[in-house]
Amino acid sequence: MAIHCPKCSSTLITARSMGKKVCCGIGIVAGGAQGVSNALKGAKIGGEVGAFFGPSGAFMGRFAGALIGAMIGGVSGGMAGAQVGEIIDDQVLDNYECLQCEYVFRID
């Protein structure tokens with residue numbers, strides 16, 4: 001079923017997804033902050049595992065553990081933020097824009 005603009009009846013409609021974009025960004029920042037904590041834990045675990053392979057193994061283990069911990073935090077925060085943003089887009093914001101007359105509206 002095509003979406004029609006309530007103002008000009010055009011079917012050239014696009015979803016704006018502003019809530020999803022903003023909340024995803026906030027989630028990445030918040031998740032990245034949590035990722036710093038995870039990175040420290042990951043570095044400790046990676047250092048212990050890498051210590052079996054000597055000093056360079058301990059360094060590489062710490063680096064890999066920190067990188068994986070930070071990535072997990074950022075990705076999980078971004079995904080959670082995107083989910084919240086989709087809910088906000090669907091229920092609160094005017095999420096659709098007509099490409100012909102630039103009218104912004106919401107479908108209830």
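This is a predicted model: local features need pLDDT of at least 70, side-chain atom pairs count only at pLDDT 80 or more; totals for chains, interfaces and linings use all residues.
Trainee: In what order do the elements of the protein chain run from the N terminus on?
Mentor: Helices (H or I, at least four residues) and strands (E, at least two) are DSSP runs, numbered from the N terminus. The protein chain has two helices and three strands, and from the N terminus on its elements run β-α-α-β-β.

Trainee: At which residue does helix α1 bend?
Mentor: The bend at a residue is the angle between axes fitted to the seven residues ending there and the seven starting there. In helix α1, which spans residues 18-50, this angle is about 25°, and the residue is Val36.

Trainee: Which helix is included in what covers the buried residues of α1?
Mentor: Buried means under 20% relative accessible area, exposed over 50%, and partly exposed in between, with a 1.4 Å probe and protein chains only. The buried residues of α1 include Gly19, Cys23, Gly27 and Ala39. With contact meaning heavy atoms within 4.5 Å, what covers the buried residues of α1 includes α2.

Trainee: Which residue does Glu86 meet in a salt bridge?
Mentor: A salt bridge is a side-chain nitrogen of Lys or Arg within 4 Å of a carboxyl oxygen of Asp or Glu, and by this rule the count comes to two. One of them, at 3.2 Å from N to O, joins the side chain of Glu86 to that of Lys20. The pair links distant parts of the chain, 66 residues apart, with Glu86 in helix α2 and its partner in helix α1 being Lys20.

Trainee: Is Asp94, which forms a salt bridge with Arg106, buried or partly exposed?
Mentor: The closest N and O atoms of Asp94 and Arg106 are 4.0 Å apart. The pair links distant parts of the chain, with Asp94 in the loop between α2 and β2 (96-98) and Arg106 in the segment after β3 (104-105). Because its relative accessible area is 39%, Asp94 counts as partly exposed.

Terms used: Residues are numbered from 1 along each chain as its sequence is written. Side-chain values use heavy atoms; hydrogens and water are left out.
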